[in-house]
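Keep the structure open as you read.

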Amino acid sequence: MSASPIIQSLPLGARWPCIDPFLFCAHHNDAYPAGDGQLGVQAVELEDRPMGSDFSNKDGFSMYHGEHVPGFPGHPHRGFETVTLVRKGLIDHADSLGAAARFGGGDVQWVTAGAGIMHSEMFPLLNTDQPNPLELFQIWLNLPASHKMVKPHFTMLWNERIPRLHHTDEGGKQTTVTVIAGALEGADAPLPAPPESWASQEGADLAIWTISLEPGARWTLPAAKGAETRRMLYWFVGNRLQLAGQALDAHAALQVEAGRALELVNTGSETAELVLLQGKPIREPVVQYGPFVMNTQQEIVQAMQDFRRTQFGGWPWDSHAPVHGAQPRRFARHPGASEDEVPQA
């Protein structure tokens, strides 16, 4: 089979292009400076920014909707799921279910918004004597009409428990695949997806993987199992890559044929890193208004009315942008739990 497996190639920006069942993938990479001792940036660093809506990347970072601590204070969602992968730094989560968490360093948080949830995602700057870099991906995964109004659900996937494949090729070079969702031969058994997620539905063939290849490493990405599966590969780190014999020299979002096994070869002098998103498309109308993703405009109107009336259960926190103290401890407090969950291998 000689034809190129690349269906389309698109440039990467802060918001990466996606295909059904995914809605978008945002890549946040912020070089936050030392903190001010109160988990925020020093005031001198915030001059000339549109505070409360700062996506400027001025000096290498954004405040987003945070006023003191960077991040996203309490806001609603309905009709889809958020999957947050943290590569560097820490995130403080709080939500209308009463759940709270501080996670980072490879951890993944999965929130099925379903019928409606409010949550905040703040980026506390714990280090006062050195920078506080933060890098994360947030992926929006759609829900089908049959599941848009399910009960919201909060899930933590700790870095220590996420399955990985460690592959050494004939040249002794290593590829590491981190399997956040889906199954991969050679990796440990997959972690269960949230119960009402599209990832849990029979035949969805959903996968979220990160792939890291040492310079010179080669690894074959296996073909997807589902006949309807669609697949995107995002190459975002490294200086040269070869995909099924085709040389690539610019980072890109690559829609590829899901039914073909594709050899990846890192032909560059730097580590190459990719994200894979795949799944069976839902094939339903998508109507989005800000944080609401439904099937019809009337359902959007209903979501807005419901949120104004109920606040999706209310906000049980003293602050609109809660943070969880100065200690770097990673933890999760699940709804209704009296004890914190902490990472365990």
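A pocket here is an open set of grid points with protein on both sides within 12 Å along at least five of seven lines, and its lining residues have an atom within 4 Å of a point. The model is predicted. With that in hand, start at the largest pocket, which is lined by 31 residues.

**Largest pocket**
- The largest pocket holds about 640 Å³ of space.
- Ala26, His28, Phe55, Tyr64 and Phe72 are the lining residues nearest its centre.
- Strand 3 (22-32), strand 4 (71-77), strand 9 (117-122) and strand 10 (132-142) are the elements that each give two or more residues to this lining.
- By class, the lining of the largest pocket comprises 13 nonpolar, 15 polar and three charged residues.

**Second largest pocket**
- The volume of the second largest pocket is about 290 Å³.
- Its lining has 14 residues, and Ala183, Leu184, Trp209, Ala223 and Lys225 are the closest to its centre.
- Eight nonpolar, two polar and four charged residues make up the lining of the second largest pocket.

- Six strands form an open sheet in the order 2-3-10-5-8-11, and their pairing is antiparallel.
- Strand 2 (15-16) and strand 11 (153-157) are at the edges; each has a single partner strand, so one side of each has no neighbour in the sheet.
- Inside that order, strand 5 (residues 80-88) pairs with strand 8 (residues 108-112) in the antiparallel sense, over five bridges.
- Val83 sits opposite Trp110 in strand 8.

- Most residues other than glycine have a negative phi, and most peptide bonds are trans.
- Which form does the peptide bond from Asp20 to Pro21 take? The bond is cis, with omega near 15°.
- Pro21 belongs to the loop between strand 2 and strand 3.
- Tyr64 has a positive phi, near 60°, and is not a glycine.
- Tyr64 lies in the loop between strand 3 and strand 4.
- Is Tyr64 buried or exposed? Buried means under 20% relative accessible area; Tyr64 has 5%, so Tyr64 is buried.
- Tyr64 is also one of the residues nearest the centre of the largest pocket.
- Phe312 likewise has a positive phi, near 50°, in a residue other than glycine.
- The loop between helix 1 (297-310) and strand 24 (331-333) contains Phe312.
- Phe312 has 9% relative accessibility, so Phe312 counts as buried.

Note on methods:
Residues numbered from 1 in each chain as written. Predicted model: local features only at pLDDT ≥ 70, side-chain atom pairs only at ≥ 80, totals over all residues. Heavy atoms only, no water. 1 Å grid on protein atoms, 1.4 Å probe; cavity = no way out; pocket = protein on both sides within 12 Å on 5 of 7 lines; lining within 4 Å. Points joined across faces, edges and corners; volume = space filled by probe spheres on them. Helix = DSSP H or I, 4+ residues; strand = E, 2+ residues; numbered from the N terminus. Nonpolar A, V, L, I, M, F, W, Y, C, P; charged D, E, K, R; others polar. Pairing = 2+ DSSP bridges. Buried < 20%, exposed > 50% of the residue type's maximum accessible area, 1.4 Å probe, protein only.
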